[in-house]
Structures are given as structure tokens and as C-alpha cells.
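Please look at the structure before reading on.

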Amino acid sequence: MDRFIEIKNLVKLYFGHGFFDRNRLAVRAVDNVSLGIHRNTVFGLVGESGCGKSTLARAILYLDPPTSGEVWFDGTLLGGLSVNEIRTFRKRMQIVFQDPNSALNPKMRIEESLAEGLINRGVTAKARTARIEKLLDLVGIAPALRGRYPHEFSGGQKQRIVVARALTMEPDFLALDEPVSNLDVSIQAQIINLLLDLKQELSLTYLFISHDLNLVAYVSDQIGVMYNGKLVELASADEMMANPCHPYTMKLFSSVPGKQAIDGPTANGNIGAVREKLPSRPSDCCLYADQCSIADRGCRHAQPDLHEIRKEHYVACFKI
Amino acid sequence: MKKRNTLLVISIGYIVILGVAAVAAPSIAPYNPVFQNLDERFSPSSKAHFLGTDNFGRDILSRVIYGSRSALLVGIVAVSIAVLIGSVVGLLAGMAGRFIDNFLMLLMDSLLSFPTILLAITVVSFLGYGLLQVMLAIGVIFSPVFARLVRAETLAIKTESYVEASRALGTPMIKTVYKHIIPNLLGKVIVQCSITFALTVVIEASLSYLGLGTQPPDPSWGLMLKDARNYLVLAPWMAIYPGTVLALTVLSFNVLGDALSEKLNPKL
């Protein structure tokens, strides 16, 4: 199968600020992540808040270029492009943000927001109007409302408009950064269905980021689990749901309400407490060792790499 | 809420009257503001002189009316200068890298660290006396206030998703600044303008009081207070009227600023 997007050993580091801290590593936000996304599929990325999911998405789009590593997009190496080339190239990849309330400029009518990308592409005013009306219709917003301001819409409607704005660029790839986390549950389903319909209709490829495992399992073809900037498990959605292997994945599963705890009751009981670890700790230790129920001394002296345990099922753990 | 609105209406009404008085001073003022009638020195309120006369027999009402000209002119020009310098510096600091940011903010902070009046006196003594110099000095002095505000707002707006989305849509940075960042910080800047305006009026009066601003015999509220200083017991009206007008002006612009702040930044 051709890999539409291929990420190789992607690393994103953040450094300290100021004269003395300039070279001090502050955060290993994304640590040596490699993955591939097939054309017209959904890659689901799960992990707790702050584990580097969004950073990874922004690095793939070169909105926040990676420190090292390669991003191949449909055969093009993004790192090899100049800033201007990236800007032109980026119309093929768009991003939908978590919070629809901050994703639209409050001082702009929604038609102006939607026109921004079209103007940048040099579309004439007449063609713009037609395109905007068609896209609004496509995402389920009455085109007659195009002269309104963002605050006149509900959260779900705003997210539809944000999706429409991304589609003005006619992208092949959408990074969906927790697109429904800020919405009511009833609205979530609508937006998810809209996104899946659009994917079929426009043959899009998605990177779907979420912390909701059930949701990711529902929409994705492939799932990657991230912990502290590292990809700890990677498998097809069916395989992941049937055979989660990494202790952290199991913990994620056990923290979904209504699911049976898999690795027994934990001392903390919720995933929020998992975050006590500093992300910048020494790299000669499995990052999950302190929370892990099956870790032993060996886990504290080396970092596990992803290895294949079954066909197309990768886990980064010494004990599996 | 009702009470607030009344206060706001009164304030706006006062500012409008002040503006009209300044523009139409020659046709409104009953006397020439510099005309000295030594026979009528220190006369209290009367039919002929509604607010009395001063130590040279000049009509105080006429002088207060003409004085509003220099107060408002200084306010408008000085605030414009401050907004212009401050916005450019603030946007640059907010958008450019850390090095430029630090440098510009150091510059602005060192301006802020001087006591306002002292700095004004220093600048005026370099540039020379007079209204134009005062306007320039006050404009420069208040520019850090705007630079700080614009920079802070720019940094905040920069993190909003729509700015990043605009980058993803391929919008050049300059265009992002005037389409996304400037419209969203304008509200705060306008509010600050109103409050700064009130301050410039006070500074102008202070500088004139110290003899560095408007030069006699031209009328200015600060100068009138200076003249009144020696006759506070003999002719208190010489100080009371210009003082009251000055205080009301400052108060009105502050009330207006508060109201604008609520109107333009409803989240607060």
C-alpha cells in the first residue's frame, strides 16, 4: 500500500529561554516518532493531554517545524522546501483545531474568514462567493448566514465553519486536533459523521487526534498510542481494540468508563494522575516505568523501541 | 446600571460642550481672553463677567473657553503620537523574535521608569518651550503605555487558533497582522486612548503651571492656576473655575474610558 504521509524519526524539542537557559533542554515534546498514513484512511492518535499529540500534528504541517526527522507528504520531503514553498504546499494539508471559539476571528464575518484562503490562492471574487456558498452547504450551514459573525453561531456550527474553511484550500489531508472535545456529546456525533462523510466524498486523509479511545476506535483505520512524546503502540484499529498490549494502552482502556479494568485497580485510579512525570527526564529509562505495573529493573536502564509483536502491530515495551 | 448610564451621558455631554467651546471659542467667548481691563481687576462673578476677572482684569470665562483649545489640542496630538509610536513598537516587539522584543521593551521600560513630569520637563528643556514641544514630549512619554499594551495583546492574540489557521491558509505575516491582530486589539487601544487623554490634559496643565508649556499671555488652564496661586485668599474664583473645568475634563474622559472598555471588550 502506498503511504501517503510518512513520518520518520520525528523529534521536536523545546529549549529554555534567556541567556543562561538557551541550550538547556526544556521539553522533549515529540521523541523519535515514526508512522505512516495511507491514502484515504484515518490515523487515530490517542494519548493524554500534554503528551505531544498536537505538537506532532503541527510539526507534520510544518506550522512548528520539527527539530529533526523527516516528513514525506505524497512523495515530497517537506524539510527540503523553502519557507515560501511550504506556504504554497500547505494548501494540501489543513488543520482543524480543538476550540472552535478561538479558531474564528471574532471581528470577521464568516464569509471573510472563509475567503481568506481563497484570496491567498488568487480566486476571483465571484468564484469565491460561489465556492463559499457551496462549502457552507456541504458542511450543513445555511449559505444565507454567511454574513454573520462567529458569536452568532453555536459551538458545533462554528466547528462546521472551521471545517469549511479548511476545505476552501481543497486539501488532501486534514489534521483534526481534538475536533470534538469542546462540543456537547450530541453535537460530537454530528461533527464526526460530517467528517466521515466528507472523507468519502472528497477522498481525504485524516490524522485524528483525541484522548477519547472509543471515539478514535470508531473513526480510525489505524491507531497510534502516544505517551510522553513517544509512540508506545501502533496497530490497526481492530487489532488495537482486540489486543491492546502496552501497559499504558491497557490503562487507557481501563480508564474508559464502563470498561473493565485490565491491569487491575491502580493506585491513582485516573489517567490525570499519570502526568506527574516531568517530560524532560533522562532518556535512559522507559518513560512509563514509574507507573507501570509490570516494569522491573531492566526497564529503568534502557528505552524500549517499537518492535513488531504481530503482523502490523508494534509495541514499545521490554516485557511484551 | 441606570446610574452609570446617567454619569456616562453627562460625561459625553461635557466632552461635546468642551469640544464645541474649543472649536467655536472666538464666537462664544464674551471677551478677548488676553484683553486686560485694569479697572476691573479681581471682580467676582457679575453680569458683565460671569466667572469674574483675574489679577489683570481679564475675563475668566473667556480664558477658560480659550484654554480648552490648548488642552484638547495637546490631548489629541499627544495621544496620536503616543498611539503611533506605541503601536509600531508594540507590534514589532510582539511579532518579531525575542531579541528585538527584549531590546524594544528595555527602551520602553527605561522611558517608563522616569517620573512623568520630570521626564516631560527634561524633554521640553531640550526642545524648548511652547505648545508644540509639549505635545511632542507628552506623546513620547506616553508611547510606552501603548507599546506595552499592544505588545501584550499581540502576544495573546498570536496564540489564538485563528492566527495559526491563517498561517495554515498561506496568509503572509504582514497581512495576518492587519487582518487578524490589529482589529482584535483596537478595542483595548481605544480605551487606553481615552484614559491617556485625561492624563495628557493634566500634564499639559502641569507643564504650563511650571511655565514650560503655553506661554503667557495665551490662555491655558495650567497658566490660570499659576496666576491664581498668589491670590487664593483675595480672589479664590481665579483658581476654582479653571480647576473645576480641568478636574471635570479628566473625570469625563475616565468615565468615557470605562464605558468604552465595557462596550468594546465585553468579556471583561
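Q: At what angle do helix H3 (residues 60–95) of chain B and helix H6 (residues 131–158) of chain B pack?
A: This is a predicted model. In it, the axes of H3(B) and H6(B) lie 5 Å apart. The angle at which these two helices pack is about 35 degrees.

Q: Is the crossing of H3(B) and H6(B) left-handed or right-handed, and how many nonpolar residues does their contact have?
A: H3(B) passes H6(B) in a crossing that is right-handed. By class, their contact has eight polar residues and two charged residues. The number of nonpolar residues in this contact is 25.

Q: Is Val255(B) buried or exposed?
A: Val255(B) belongs to helix H10 (residues 237–264) of chain B. A residue counts as buried if 20 or more other C-beta atoms lie within 10 Å of its own. Val255(B) has 21 other C-beta atoms within 10 Å, and therefore it is buried.

Q: Which residues does Val255(B) touch, not counting residues up to four places away in sequence?
A: Two residues are in contact if their C-beta atoms lie within 7 Å. With residues up to four places away in sequence left out, Val255(B) touches Leu7(B), Leu8(B) and Ser11(B).

Q: Why is strand S7 (residues 173–177) of chain A largely enclosed by the rest of the structure?
A: In a regular strand the side chains alternate between the two faces of the sheet. S7(A) is largely enclosed because five of its five residues are buried.

Q: Which residue in strand S8 (residues 205–210) of chain A stands opposite Asp177(A)?
A: S7(A) pairs with S6(A) in the parallel sense over four bridges, and Val96(A) stands opposite Leu176(A) in S7(A). S7(A) also pairs with S8(A) in the parallel sense, over five bridges. In S8(A), the residue opposite Asp177(A) is Ile209(A).

Q: Which helix makes a right-handed β-α-β unit with S7(A) and S8(A)?
A: The unit consists of S7(A), a helix and S8(A), and it is right-handed. The helix, covering residues 185–202 of chain A, is H7.

Q: Which element gives the largest share of the side of chain A that touches chain B?
A: The contact takes 21 residues from chain A and 15 residues from chain B. Helix H2 (83–89), strand S6 (93–96), helix H3 (100–103) and helix H4 (110–120) of chain A each supply at least two residues of this side of chain A. The largest share, three residues, comes from H4(A).

Conventions
Residues numbered from 1 in each chain as written. Chains lettered and ligands numbered in written order. Predicted model: local features only at pLDDT ≥ 70, side-chain atom pairs only at ≥ 80, totals over all residues. Buried ≥ 20, exposed ≤ 12 C-beta atoms within 10 Å, placed from the backbone. Pairing = 2+ DSSP bridges. Right-handed = clockwise from strand over helix to strand, strands pointing away. Axes fitted to C-alpha atoms, helices over the stretch in contact; angles between N-to-C directions. Left-handed = near helix turned anticlockwise from the far one by under 90°. Nonpolar A, V, L, I, M, F, W, Y, C, P; charged D, E, K, R; others polar.
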